[in-house]
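Let's take a walk through this structure together. Have the sequence and the 3D view side by side as you read.

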Amino acid sequence: MNHNRLIVEMQKWQIPLEYLRWTKSFLSQRKAAICMDGARGKMSNIKNGILQGLPISPILASLYSAGLLDLFKPNPNTDLQRLPLLNKPTTTTLFMYVDDGKLTVSSKLLETNIKLLAAAYYRVN
């Protein structure tokens, strides 16, 4: 999770300024080291990601990824209506839980499913 993008997403949701400031402070000046076989590497600044296991972490992750869900809201002018697909595929859907996502679609042809999932993947990527 990119910290700067998180703040931008929070601004889009009109999160109050005091919460933005708190989040910036919470994410700033973090360091981590890799430990392997009892040996610890040097401490490095962390510019991405959030701590796991804290009550605020799933909230921040949800705010960060909420914009992805907007990409998959039903829209009568989507690419699906413009594609010549005769096998009547379902709408491509994005399911999310914190920072995990799953794209789904169904049709009678594997090739159609692959094309639609690839188009959805490039939309979110």
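You are looking at a predicted model, in which local features need pLDDT of at least 70 and side-chain atom pairs count only at pLDDT 80 or more, whereas totals for chains, interfaces and linings use all residues. Residues are numbered from 1 along each chain as its sequence is written, and side-chain values use heavy atoms, with hydrogens and water left out.

Let's begin with the overall layout. The protein chain has 5 helices and 6 strands; here helices (H or I, at least four residues) and strands (E, at least two) are DSSP runs, numbered from the N terminus. Read from the N terminus on, the order of elements is α-α-β-β-β-β-α-α-β-β-α. Of the 125 residues in the protein chain, 22% are buried. Contact, another word we need, means heavy atoms within 4.5 Å. Among contacts in the protein chain with a separation of 6 or more, 43% are between residues 24 or more positions apart.

Now for the interior. A nonpolar core is a set of buried Ala, Val, Leu, Ile, Met, Phe, Trp, Tyr and Cys residues joined through side-chain atoms within 4.5 Å. The largest one has 9 residues in all: Leu6, Ile7, Met10, Leu20, Phe26, Leu27, Leu60, Leu63 and Tyr64. Helix H1 (3-12), helix H2 (17-27) and helix H3 (56-70) are the elements that give two or more residues to this core. If you select Leu27 and set aside residues up to four places away in sequence, you will find that Leu27 touches His3, Leu6, Gly49 and Ile50.

How do two of these helices sit against each other? Two packed helices are described by the angle between their axes and the distance between the axes. The axes of H1 and H3 come within 9 Å and cross at roughly 75°; axes are lines fitted to C-alpha atoms, for helices over the stretch in contact, and angles run from 0 to 180 degrees between N-to-C directions. H1 is therefore roughly perpendicular to H3, on a scale where angles under 35 degrees count as roughly parallel, over 145 as roughly antiparallel, 65 to 115 as roughly perpendicular and the rest as oblique. On the H1 side, Arg5, Leu6, Glu9 and Met10 meet Leu60, Leu63, Tyr64 and Gly67 of H3. The residues of this contact divide into 5 nonpolar, 1 polar and 2 charged, where Ala, Val, Leu, Ile, Met, Phe, Trp, Tyr, Cys and Pro count as nonpolar, Asp, Glu, Lys and Arg as charged, and the others, Gly among them, as polar.

One joins Glu9 to Arg5, with the closest N and O atoms 3.9 Å apart. These two residues are separated by about one helical turn because they are 4 residues apart in helix H1. Glu9 is buried, with a relative accessible area of 8%, whereas Arg5 is partly exposed at 33%. The other salt bridge brings the side chains of Glu9 and Lys12 together (3.3 Å, N to O). Glu9 and Lys12 are 3 residues apart in helix H1, so about one helical turn separates them too. Lys12 is exposed, with a relative accessible area of 58%. Through shared partners, the salt bridges join Arg5, Glu9 and Lys12 into one network.

Next, go to the start of the chain. Met1 is in the segment before H1 and counts as partly exposed at 23% relative accessibility. Although Met1 and Ala61 are 60 residues apart along the chain, their C-alpha atoms are separated by 7.8 Å. Leaving out residues up to four places away in sequence, Met1 touches Leu6, Asn48, Gly49, Ile50, Leu60, Ala61 and Tyr64.

Finally, visit two loop residues. Gln14, in the loop between H1 and H2, has a positive phi of about 55° although it is not a glycine, and Gln14 is exposed at 69% relative accessibility. Thr92 lies in the loop between helix H4 (79-82) and strand S5 (93-97) and is buried, with a relative accessible area of 11%.

Methods: Buried means under 20% relative accessible area, exposed over 50%, partly exposed in between (1.4 Å probe, protein chains only). A salt bridge is a side-chain nitrogen of Lys or Arg within 4 Å of a carboxyl oxygen of Asp or Glu.
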